[in-house]
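This briefing concerns helix packing, the surroundings of the ligand and the overall fold. Please consult the sequence and the structure shown below.

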Amino acid sequence: MKLNTSKIITACALILATNVAVANTATSEKHAVKATELRQAVFKMLGANMGTLGAMAKGKIPFDAKVVEKNATRINQLSFMIADYTATDTSAYKVKTEALNKVWTDRDAFEKRIKDLSVASEKLVKAASTGDEASTRAAIGGVGKTCGGCHDNFKQED
Ligand code: HEC
């Protein structure tokens with residue numbers, strides 16, 4: 001079978017295009033509400049997975065490297081969803097949100113914070129996979145810092 005080069009190139013370009021978060025603006029209140037729900041869903045999942053790790057780091061629940069590895073893997077995967085699920089600018093609508101407008105006006109800095117979380121969570125997956133408690137605890141702290149680092153700049157104070 002002869003491979004059709006131009007078809008392959010087109011297919012690759014399509015794959016690339018669908019993976020890039022294209023910034024856009026909500027076009028109706030309904031659209032803004034839906035986009036906000038999805039955005040907050042990603043952060044809620046991050047919170048749920050991080051909560052367990054924080055409790056372990058503080059010694060409130062027993063340390064379990066397998067659970068850390070599982071949750072850290074999820075956090076890492078969720079980090080790759082943040083760009084897409086925050087791409088829709090909802091700032092023109094009255095939605096219940098803690099996202100500051102900077103999420104959309106200072107996109108480069110926001111994406112740098114996302115990258116920090118991806119890197120830190122990948123480090124945590126690696127540390128947990130060794131089963132070493134001390135380095136895993138330290139790496140949990142490293143992930144926590146990247147959550148706080150973004151919140152300090154892009155999320156309203158609670
Ligand atoms: C790149 C920036 C960024 C990173 C990194 C980040 N967050 Fe957030 N987070 C936000 C923003 C912005 C909001 C506000 C979303 C909204 O209200 O629309 C938010 C909201 C939240 C919420 C509230 C969700 C809700 O609506 O109930 C939780 C919980 C949360 N983040 C946890 C975390 C945890 C845990 C981490 C790290 C593992 C993390 N976040 C990393 C930006 C970030």
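The axes of H2 and H6 come within 10 Å and cross at roughly 130°, where axes are lines fitted to C-alpha atoms, for helices over the stretch in contact, and angles run from 0 to 180 degrees between N-to-C directions. H2 is therefore oblique to H6; angles under 35 degrees count as roughly parallel, over 145 as roughly antiparallel, 65 to 115 as roughly perpendicular and the rest as oblique. The model is predicted: local features need pLDDT of at least 70 and side-chain atom pairs count only at pLDDT 80 or more, while totals for chains, interfaces and linings use all residues. Residue numbers start from 1 along each chain as its sequence is written.

**Packing of H2 and H6**
- The crossing of H2 and H6 is left-handed, a term that applies if the near helix is turned anticlockwise from the far one by less than a right angle (right-handed if clockwise).
- From H2, Met50, Leu53, Gly54 and Ala57 meet Arg137, Ile140, Gly141, Val143, Gly144 and Cys147 of H6; two residues are in contact if their C-beta atoms, placed from the backbone, lie within 7 Å.
- This contact of H2 with H6 comprises 6 nonpolar, 3 polar and 1 charged residues. Ala, Val, Leu, Ile, Met, Phe, Trp, Tyr, Cys and Pro count as nonpolar, Asp, Glu, Lys and Arg as charged, and the others, Gly among them, as polar.

**Packing of H3 and H5**
- Helix H3 (residues 65-85) and helix H5 (residues 107-130) have axes that come within 8 Å and cross at roughly 160°, which means that H3 is roughly antiparallel to H5.
- Residues making the contact include Ala65, Val68 and Ala72 of H3 and Glu111, Ile114 and Leu117 of H5.
- By class, the contact of H3 with H5 has 12 nonpolar, 6 polar and 3 charged residues.
- The crossing of H3 and H5 is left-handed.

**Ligand surroundings**
- The ligand is surrounded by 25 residues, the closest being Gln40, Phe43, Gly47, Cys147 and Cys150; a residue is near a molecule if its C-beta atom, placed from the backbone, lies within 6 Å of it.
- Two or more residues of the shell come from each of helix H2 (29-57), H3, H5 and helix H6 (133-154).
- H2 gives the most to this shell, with 8 residues.
- The shell residues divide into 14 nonpolar, 6 polar and 5 charged.

**Overall fold**
- The protein has 6 helices and 2 strands, which are DSSP runs numbered from the N terminus (helices: H or I, at least four residues; strands: E, at least two).
- Along the sequence, the pattern is α-β-α-α-β-α-α-α.
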